[in-house]
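Hi everyone, thanks for making the time.

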Amino acid sequence: MKAHFIGIGGIGVSALAQYYLADGWRVSGSDAVRSEITDDLKKRGARIFIGQRAANIPPAGGPDLVVYSAAIKSDHPELVEAKKKGIKTLLYSQAVGELTKKYYTIAVAGSHGKSTTTALIGLILIKAGLDPTIIIGTKLKELGSTNFRLGKSQYLVLEADEYARSFHNYFPKIAVITNIDKEHLDVYGNLAGVIKGFRTFFNNVSAGGYIIANSQDGNTKTALKLQKSGYKIIWYKKGNHKLSIPGVHNQFNAEAAWQAVKLLGVK
């Protein structure tokens, strides 16, 4: 099977491309400029095109699937060509959303602290021997200076970005909410729109699942008022953990991570 990624140099799309490579797919992808990320993917076996043109989707023997980032416009030549050829096309977030249905997914959302909290959860699960798959929006030295890890267990730890409503495509068993702020107003319009966007994400949490929420964040408390039943809300506040990373905010992030991993039996 072959997959082609438009915008493969993006931090999220590159992680998903690594997943498909590790899963045995033949992977190609394009981006406007060469980068450390595209060079790394090339070393891992992906075919990389610098410059985005219809010819990157060959007339014969082309991909079975085309995945594109939220930044790609509908008139992008590769996307137009893929649709013309009847190739299945998915937004990055839709493709990740399919993974969240296959795994026991722990998704970390919030305006600030997502990457740190996702990293903490993922690294704790590795240390605890739970062998998670990890998709995160930053490179981690502990993952070999990349933003992806393929595990062999049922667990997927995912950074769930609210930009372009991406997290509306994710279906976690555990959702961690660090905080809610006036972010991505080009998408949501105002704070009320952001809160509404998070409520939509909450409704994707599996029946019998959990929302781990910051009790000190007023916007999170507002967003979780009058929500559907079917999941349990676990409220947390600032932790008191021995950390090698400084700052009060990281005590909150670490406590959120601890509350999540406890649910998976970590001592």
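In what order do the 7 strands of the open sheet come? Before I answer, a word on what you're looking at: this is a predicted model, in which local features need pLDDT of at least 70, side-chain atom pairs count only at pLDDT 80 or more, and totals for chains, interfaces and linings use all residues. Residues are numbered from 1 along each chain as its sequence is written, and side-chain values use heavy atoms, with hydrogens and water left out.

So, the sheet. The order is β8-β7-β9-β6-β10-β11-β12, with mixed pairing. At the edges sit β8 (146–149) and β12 (231–236), each of which pairs on one side only. Direction ignored, neighbouring strands here are turned by 15° against each other on average. As for terms, strands (E, at least two residues) and helices (H or I, at least four) are DSSP runs numbered from the N terminus, and two strands pair if DSSP finds at least two bridges between them.

Let's stay with β10, residues 174–177. On one side, β6 (residues 104–109) runs parallel to β10, joined by 4 bridges. I106 has I174 as its bridge partner there, and A107 stands opposite A175. On β11 (residues 209–214), β10 again pairs in the parallel sense, over 4 bridges, and I177 finds its bridge partner in A213.

Which way do the residues of β10 point? I174 and V176 point one way, A175 and I177 the other, and all are buried. Buried means under 20% relative accessible area, exposed over 50%, and partly exposed in between, with a 1.4 Å probe and protein chains only. As a reminder, in a regular strand the side chains alternate between the two faces of the sheet.

Now the helices. Helix α1 (residues 11–22) lies across β7 (133–140) and β8, running at about 40° to β8. Helix α4 (residues 92–102) lies across β6, β7 and β9 (155–159), at about 150° to β9. For these angles, axes are lines fitted to C-alpha atoms, for helices over the stretch in contact, and the range is 0 to 180 degrees between N-to-C directions.

How do the axes of α1 and α4 cross? They come within 10 Å and cross at roughly 50°. That makes α1 oblique to α4; under 35 degrees counts as roughly parallel, over 145 as roughly antiparallel, 65 to 115 as roughly perpendicular, and the rest as oblique. From α1, G12, V13, L16 and Y19 meet Y92, A95, V96, L99 and K102 of α4, where contact means heavy atoms within 4.5 Å.

Finally, a few loop residues. D131 lies in the loop between α5 (114–127) and β7, and counts as partly exposed at 24% relative accessibility. A164, in the loop between β9 and β10, also has a positive phi, near 55°, and is partly exposed at 36%. For context, most residues other than glycine have a negative phi.

Is S215 buried or exposed? S215, from the loop between β11 and α8 (218–223), is buried, with a relative accessible area of 17%. Leaving out residues up to four places away in sequence, S215 touches K221, W235, Y236 and K237. That's my tour, thank you!
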